[in-house]
Amino acid sequence: METMQTDETRNAGSNKPHPCGLSNLGNTCYINAALQSLGSVVPLMDYLAKDGLGDRGEMVKELHVMVQHMRTKSELFSPCKIKDQIAESNTRFGQTSQEDSQEFLQALIEKLHQCLRISVKSDAPTLNVEQDSTELEASEAAWHRYLNQHGESIVRDQFEGQLQSSMTCRECKKVTWKFDPLMFLPVPIPSAEHSEEHPCLLQDCLKGAFELQYFGGKEWYCSKCDHQANMERKPSISKLPNILMVYLKRFQTNYQSGERSKVNTNVTFPLRDFELSDVMSESAKSVQFKYTLIAVINHIGNITGGHYTAYGKHNNEWFSFDDSEVKCISEDRISSCYAYVLFYQKSTAGDHQQTMPKCNDTKKQAISDNNTQQHPHKEVQKCTAENDEEDEREESFFSCFLCLCCCRTRRRNAKMD
């Protein structure tokens with residue numbers, strides 16, 4: 001049964017509406033946590049609050065209704081119609097079993113982009129990264145090609161950046177680059193030396209995700225040497241998004257035994273002044289940004305059962321969202337061993353600008369697409385928490401999880417079918 005909000009949960013002394021709770025439709029805490037986290041992304045909420053988006057499809061219409069409700073009312077809101085819209089293209093989210101909140105968030109953002117995207121016709125020159133070109137030129141050319149193929153939207157503008165893999169032949173030292181879109185930044189976390197009582201730092205985990213990798217000659221062909229050659233690969237970030245979503249890889253698989261488990265290591269993460277200079281590409285280090293935490297998705301429980309909640313920042317105050325229950329909380333409660341997805345927003349002046357120049361002479365044509373931690377007494381909902389394992393042996397470091405159409409989701413869907 002839903003717990004109705006009381007006067008104790010309202011933001012006393014504020015003239016602005018208290019953030020509203022969301023109804024649990026039956027194992028839908030994973031949906032509520034994702035939606036409440038997006039509620040702290042002000043640029044997206046401002047866009048969806050505008051009138052005149054009715055011709056962009058039912059998905060946008062229902063999100064518009066939700067945002068208007070969140071900004072004007074404190075009563076519970078039911079995300080039933082939003083759930084139904086996502087289920088049209090992702091049937092597993094229409095079922096009664098609980099799913100992974102990060103995967104639902106990814107599906108929602110992808111569908112939102114499809115509804116809002118506009119085509120981009122760029123006159124930027126096409127460069128072949130195999131030919132002589134600078135790192136910045138290759139990065140810009142790859143970004144322009146990506147926008148030409150997939151279009152732009154508020155989703156691309158706010159949530160998406162670019163990842164870079166620099167591959168160096170260990171014989172002739174020739175360097176080539178591979179680029180992938182960045183929307184969710186997956187960060188591995190240790191499970192052996194750390195625990196809930198002995199946390200590790202997010203910055204240290206992040207360095208582990210971008211460490212130098214070595215590969216034998218059978219795995220890579222060097223065009224300059226004209227034969228298979230040993231190589232080293234250095235991942236980095238070449239373009240930072242305005243909203244950086246970091247998800248901690250708490251659900252892991254033992255490839256020898258096949259057993260899955262959840263890592264409950266307490267990862268300490270900064271609430272402000274978070275910067276990523278240590279993992280930026282050389283061409284992007286000249287532009288420095290700092291990030292401020294605005295929301296967190298939490299998962300309480302284990303690999304077979306659990307519950308999702310969210311923390312969100314509204315008008316410089318932090319709130320805990322537990323389905324229908326909303327409470328003000330202090331900053332010292334934000335970082336915990338339950339944190340799963342972290343939402344950061346650029347906090348420096350001019351933070352809305354790209355980290356690389358936008359292409360000149362760009363023509364755009366509209367496309368119409370119809371297409372708190374858990375309370376001890378609260379019942380723990382059944383949760384499969386199947387955030388599919390990222391295969392460490394994939395050919396590309398980023399290819400299996402950083403593109404919106406990542407093969408991780410395809411593998412998961414295939415197993416469910």
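Strand E16 (residues 317-322) and E17 run antiparallel and are joined by five bridges. The model is a predicted one, in which local features need pLDDT of at least 70, side-chain atom pairs count only at pLDDT 80 or more, and totals for chains, interfaces and linings use all residues. Residues are numbered from 1 along each chain as its sequence is written, and side-chain values use heavy atoms, with hydrogens and water left out. Helices (H or I, at least four residues) and strands (E, at least two) are DSSP runs numbered from the N terminus. Two strands pair if DSSP finds at least two bridges between them.

**Seven-stranded sheet**

- An open sheet is formed by seven strands in the order E4-E10-E18-E14-E15-E16-E17, with mixed pairing.
- The edges are strand E4 (184-188) and strand E17 (325-329); each has a single partner strand, so one side of each is left without a neighbour in the sheet.
- On average, neighbouring strands of this sheet are turned by 20 degrees against each other, direction ignored. Axes here are lines fitted to C-alpha atoms, for helices over the stretch in contact, and angles run from 0 to 180 degrees between N-to-C directions.
- Helix H8 (residues 202-209) packs on the sheet and touches E4, strand E10 (243-249) and strand E18 (339-346). The direction of H8 makes about 100 degrees with that of E4. Contact means heavy atoms within 4.5 Å.

- Strand E14 (residues 291-301) pairs with strand E15 (residues 306-314) in the antiparallel sense over seven bridges, and a hairpin joins E14 to E15 through four residues.
- Ile297 has Ala310 in E15 as its bridge partner, and Ile300 has His307 in E15.
- E15 is mostly covered, with eight of its nine residues buried. Buried means under 20% relative accessible area, with exposed over 50% and partly exposed in between (1.4 Å probe, protein chains only).
- Five bridges pair E15 with E16 in the antiparallel sense, and His314 stands opposite Glu317 in E16.
- The hairpin of E15 and E16 has two residues between the strands, and Asn315 in the turn has a positive phi of about 50 degrees.
- The hairpin of E16 and E17 also has two residues between the strands, and there Asp323 takes a positive phi near 55 degrees. Phe319 stands opposite Cys328 in E17.

**Four-stranded sheet**

- Four strands in the order E3-E2-E9-E6 form an open sheet with antiparallel pairing.
- Strand E3 (175-182) and strand E6 (213-215) are at the edges, each with a single partner strand, so one side of each is left without a neighbour in the sheet.
- Neighbouring strands of this sheet are turned by 30 degrees against each other on average, direction ignored.
- Eight bridges pair strand E2 (residues 161-169) with strand E9 (residues 231-239) in the antiparallel sense; Ser165 stands opposite Pro235 in E9.
- Helix H6 (residues 135-150) lies across E2, E3 and E9, and runs at about 40 degrees to E3.

- Helix H3 (residues 58-72) packs with helix H5 (residues 101-116) at an angle of about 110 degrees, their axes 9 Å apart. That makes H3 roughly perpendicular to H5.
- The cut-offs are under 35 degrees for roughly parallel, over 145 for roughly antiparallel and 65 to 115 for roughly perpendicular, with the rest oblique.
- Met59, Val60 and Leu63 in H3 meet Leu108, Lys111, Leu112, Cys115 and Leu116 in H5.
- By class, the contact of H3 with H5 has seven nonpolar, no polar and one charged residues. Nonpolar covers Ala, Val, Leu, Ile, Met, Phe, Trp, Tyr, Cys and Pro, charged covers Asp, Glu, Lys and Arg, and the others, Gly among them, are polar.
- H3 and helix H4 (residues 80-89) pack at about 155 degrees with their axes 9 Å apart, and are therefore roughly antiparallel to each other.
- Glu58, Met59, Glu62, Leu63 and Met66 of H3 make the contact with Lys81, Ile82, Gln85 and Ile86 of H4. By class, the contact of H3 with H4 has five nonpolar, one polar and three charged residues.

**Buried helix residues**

- Buried residues in H4 are Ile82, Lys83, Gln85, Ile86 and Ala87; the buried residues of H4 pack against helix H1 (29-38), H3 and H5.
- Ten of the ten residues of H1 are buried, so H1 is largely enclosed by the rest of the structure.
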